[in-house]
Structure formats: structure tokens, C-alpha cells
Amino acid sequence: MNSLPDIEKPDESAYLNCIRCGLCLAVCPSYQVSLKEAASPRGRVALARKGLDGELELTPNLYEQMYGCFACMACNDICPVGIKPAELSIAMRHVQEQQKPTEWKKTLFEGLIPHPWRMELATLPLRLYQNLGIRRLVYALGLTHLLPGQLRDMEAMLPRLPQRPLRQVLPVLTPAQGKTKHRVGFFLGCAQSLLFAEESAATVRVLSRNGCEVITPPDVQCCGMPALGYGRLDLVQEQAKHNIRLFIEADVDEIITDCATCGSTLKEYGEYLKDDPEWADRAAYFSKNVRDVSEYLAEIPLEKPKGRVEARVTYHDPCHLRRAQKVWKQPRELLSLIDGLDFVELPESDWCCGSAGSQLITHYKTSLEVLDRKMENLASTGAEVIASGCPGCQMQLNTGIQQRKMKVRVVHPITLLDEAYRSEK
Ligand code: SF4
Ligand code: SF4
């Protein structure tokens with residue numbers, strides 16, 4: 001297994017400052033719900049400092065503290081001495097997986113996630129459950145209440161699934177409407193293809209509408225974020241090489257994604273492969289040209305829709321978009337172009353929603369406690385729609401909304417833009 005990119009461990013003087021500081025405690029969701037020092041960024045720094053030097057036994061409690069981090073990066077942003085607790089937690093997971101690999105994770109991250117066809121097969125029962133009307137029946141008969149709480153919440157987080165994964169439906173080449181001004185590649189992420197197909201179909205329509213010829217390579221693999229979260233950089237590097245090769249062959253100007261998590265990972269391929277002489281240049285070039293769809297549309301810039309969307313809308317900043325990519329103005333600008341849309345800012349819009357990809361499954365209680373704060377803020381806006389460009393956040397928000405029986409629709413900002421264009425007719 002390869003090593004992680006150079007993680008800067010705090011030196012003695014930075015660490016002494018850290019012990020006396022505590023600034024990050026106020027912004028850390030896992031600390032705010034547990035109020036335990038070990039679950040704070042500062043606590044994780046202290047553990048990782050020893051752990052990375054091999055001075056700590058890999059106990060279940062150590063695993064818990066490292067995997068309990070939401071990787072929201074709020075601590076990285078606020079730290080006055082430049083320590084990156086979120087990165088240190090990931091580095092510790094890497095050490096743990098190297099020394100005591102977990103068998104089921106090995107199967108999941110090597111045998112399933114990098115293989116689109118296997119992922120499609122694995123999620124087939126869910127598509128059948130929804131598309132054969134079984135879900136409707138379960139809800140009509142109130143049977144969800146018979147499920148244990150966690151299973152009920154996981155069921156609630158599911159969006160309306162497509163009949164077929166978008167990867168099997170979307171053409172490789174979508175021509176530009178009107179004159180072709182740009183040739184872009186579209187990175188169709190796993191969650192978008194399997195769960196949020198309508199959103200990515202909307203992304204391609206909007207790009208096409210704005211003069212883009214869109215190439216969607218159907219054989220892309222997972223961006224690598226799940227494997228990275230479990231400390232398997234070697235797998236991320238393999239997936240990165242596969243994806244870079246596909247887009248270089250496609251000969252596109254930019255690579256667009258509508259998934260905040262994919263975007264934050266694709267933009268790091270250059271970093272992950274910087275020590276590989278065969279791939280370093282290609283990876284750096286690839287990452288330099290990756291754009292979140294809202295970022296890209298702000299650059300070209302997009303055509304203002306003539307149609308309308310009548311709704312009170314708010315916006316949740318995904319950590320992987322706002323903190324990892326510094327993209328937060330663009331989605332708001334995009335929404336401001338839609339006539340009829342009444343935008344209201346969400347208080348603490350950049351506070352983590354508690355998803356972190358899989359925390360609702362692995363850290364159910366903490367994940368819901370973090371979500372509570374988001375839901376209270378959402379309720380205060382009176383919004384009928386909440387937009388967010390990350391599938392993990394969308395599923396988490398869906399859970400909170402269904403738990404509280406709120407009447408709020410969760411969408412990707414691009415969906416609203418697409419609706420505005422389509423309402424022109
Ligand atoms: S903000 Fe930085 S220096 Fe301060 S406690 Fe947190 S990690 Fe340590
Ligand atoms: S990344 Fe987020 S959850 Fe993890 S230690 Fe930092 S602030 Fe806390």
C-alpha cells in the first residue's frame with residue numbers, strides 16, 4: 001500500500017500552541033454533540049501525533065475517534081497555526097488499515113466500489129423496490145413504522161431512484177444546442193448515476209443549452225473519495241489513473257462534475273499522483289481543468305433563463321464544495337438568475353449536515369444530532385425548497401425532513417436552473 005501525500009504533523013512549538021488554543025472546538029460538529037476532548041479536532045491532533053509515530057496501540061477507541069470525524073474541514077479552516085486535524089484523522093485511518101486491515105472494507109473498496117457494473121447490480125433490489133411500486137405500498141400501509149429507527153431513516157434518505165442507472169442511458173456525446181462554443185467532459189459520479197440520475201440528466205441539458213458539446217465517458221470509475229476516507233490511497237491512485245486516461249482520450253477542454261464530493265477528489269488527483277513520474281504531469285493537468293458545474297457556468301457565463309420557478313428557496317453549502325473547493329458564491333449566483341425564485345439565506349449554511357457520506361450508517365446517533373441543528377435552521381427560513389450540490393448532503397437532508405414531516409423539497413441547484421429553462425416553453 002502506498003503512503004498518503006505528505007501530512008504535516010505539528011512540530012513541538014505548534015503543538016504547544018495547540019494545547020493552549022481550542023479555537024476549533026466551537027466549529028467542530030462531533031465535539032459540539034459529544035463535548036468530549038477526544039472527539040474534538042485538538043484531541044484528534046494529540047492522538048494522531050502519537051499514532052502516526054507508532055506510539056499508540058490501535059484500540060477500538062482510537063478507531064472510533066478517527067472515524068467519528070466528519071471530515072468537514074471546519075477545523076482546518078479556522079486553525080491559526082495551520083494544523084489540519086481533518087487530514088491527520090484520515091492519515092490515522094490509513095495507518096489503521098495498513099496495520100489491521102478490516103476484511104469487509106477490503107471487499108467493499110476493492111471488489112465493489114471501483115466496478116460500475118457490480119455497483120449497478122448491488123443496487124438493483126433498491127430500484128425494484130421503488131419502481132415496482134413496493135415503496136408506495138409500504139408508505140400507504142404505514143409499514144415503515146415497523147422498521148427499526150436506523151433502517152427507517154436510511155430508507156427515508158433514498159431519493160426517487162431511476163429505472164435504469166443514468167450511465168446506461170446518457171449518450172456518450174450530447175451535442176450543443178445551437179452553435180458549439182465549448183467541448184467539455186462530464187464526470188458522472190456513482191451516486192449521481194445510481195441515485196440522482198434526473199439531476200445529472202439536468203446538468204447535461206443545461207450545459208448543452210449553454211453551447212457545450214458534452215462527452216460523458218460511460219466507463220468512469222468511482223472518484224476515489226470513499227477509498228480515501230478509509231485510508232486506501234493506493235486504490236484512489238488506481239481509480240485516478242483510469243479516469244484521467246478516459247478524459248485525456250476524450251480530448252475535452254474542462255471536466256465538469258455536479259457532485260461536490262467527486263469534484264473535491266478529482267481536483268486532488270494531481271496531488272495524489274505527484275510522485276509518480278509517469279502520471280504526475282497528466283494528473284496535474286487533469287485536476288487543473290476540473291470544475292464544479294456551478295463554477296463552470298459562472299465562468300462561461302450562462303444564459304439567463306426566460307422561464308420562472310416560483311418558490312422560496314434556501315441553500316446548504318456542502319463541505320466538499322465550500323471548504324474543499326472554495327465554491328460558494330457561484331451556486332448562489334446561479335440561483336439569483338432565476339426569476340420568481342425567492343432566495344433566503346440559510347443560517348449557518350456551512351455547518352456540516354452530519355452526512356460525511358456514511359455517518360448515518362456508521363455513527364447513527366451523532367449523525368442525527370448534527371442534523372438536528374441543520375433542520376432547526378432550515379425550519380427558520382420557511383423555505384419550500386433546499387438546494388445543495390452534494391448527493392450525501394441531499395440524502396441526509398431528506399432524512400431530517402421526513403423525520404419531521406416537513407414539506408420541503410431537496411434538489412441540486414442545477415435542477416432549478418433546468419426547470420427555469422424548461423418552463424420557457
Ligand atoms: S485551532 Fe488548531 S491550534 Fe487551535 S486547538 Fe484547534 S487544531 Fe489546535
Ligand atoms: S473535520 Fe470537522 S468533524 Fe473532523 S475534527 Fe475537524 S471540525 Fe471536527
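Hi everyone. Two strands pair if DSSP finds at least two bridges between them, and helices (H or I, at least four residues) and strands (E, at least two) are DSSP runs, numbered from the N terminus. Keep that in mind for the sheets.

Before the tour, some housekeeping. What you see is a predicted model: local features need pLDDT of at least 70, side-chain atom pairs count only at pLDDT 80 or more, and totals for chains, interfaces and linings use all residues. Residues are numbered from 1 along each chain as its sequence is written, while chains are lettered from A and ligands numbered from 1 in the order in which they are written.

In which order do the strands of the four-stranded open sheet stand? The order is 7-6-8-9, and the pairing is parallel. Strand 7 and strand 9 (409-411) are the edge strands, each pairing on one side only. From one strand to the next, the twist averages 35°; angles here run from 0 to 180 degrees between N-to-C directions, and axes are lines fitted to C-alpha atoms, for helices over the stretch in contact.

Now go through the pairs. Strand 6 (residues 308-315) and strand 7 (residues 339-343) are parallel partners over four bridges, and there Arg308 has Asp339 in strand 7 as its bridge partner. Strand 6 also pairs with strand 8 (residues 385-387), again in the parallel sense, over three bridges. Look for Thr314, which stands opposite Ile386 in strand 8. Strand 8 and strand 9 run parallel and are joined by three bridges; Ala387 has Val411 in strand 9 as its bridge partner.

Strand 1 and strand 3 (residues 212-215) run antiparallel, joined by two bridges, and Thr174 stands opposite Val214 in strand 3. By contrast, strand 2 and strand 3 pair in the parallel sense, over four bridges. There you can find His182 opposite Cys212 in strand 3.

What lies across this sheet? Helix 13 (residues 197-209) has 13 residues and reaches 18 Å from its first C-alpha to its last, close to the 18 Å expected at 1.5 Å a residue. That expected span is 1.5 Å times one less than the number of residues. Several of its residues are buried, among them Ala197, Glu199, Ser200 and Ala202. A residue is buried if 20 or more other C-beta atoms lie within 10 Å of its own, exposed if 12 or fewer, and partly exposed in between, with C-beta atoms placed from the backbone. After helix 13 comes Gly211, with a positive phi near 85°.

The buried residues of helix 15 include Leu233, Val236, Asn243 and Phe247. Asp251 follows helix 15 and has a positive phi, near 55°.

Now for the ligands. Which residues come closest to ligand 1? They are Cys18, Cys21, Cys24, Arg42 and Cys79, out of 15 that surround ligand 1; a residue is near a molecule or strand if its C-beta atom, placed from the backbone, lies within 6 Å of it. Helix 3 gives the largest share of that shell, three residues. The shell around ligand 1 holds twelve nonpolar residues, two polar and one charged. Here Ala, Val, Leu, Ile, Met, Phe, Trp, Tyr, Cys and Pro count as nonpolar, Asp, Glu, Lys and Arg as charged, and the others, Gly among them, as polar.

Ligand 2 has 15 residues around it, and Cys28, Cys69, Cys72, Cys75 and Ala86 come nearest. Helix 2 (29-34), helix 3 (41-52), helix 5 (74-78) and helix 6 (85-99) each supply at least two residues of this shell. By class, the shell around ligand 2 divides into 13 nonpolar, one polar and one charged.

One last stop: Ser423, in the segment after helix 25 (413-422). Is Ser423 buried or partly exposed? Ser423 counts as partly exposed, because it has 16 C-beta neighbours inside 10 Å. Ser423 and Lys306 are 117 residues apart in sequence, yet 8.1 Å apart in space, C-alpha to C-alpha.
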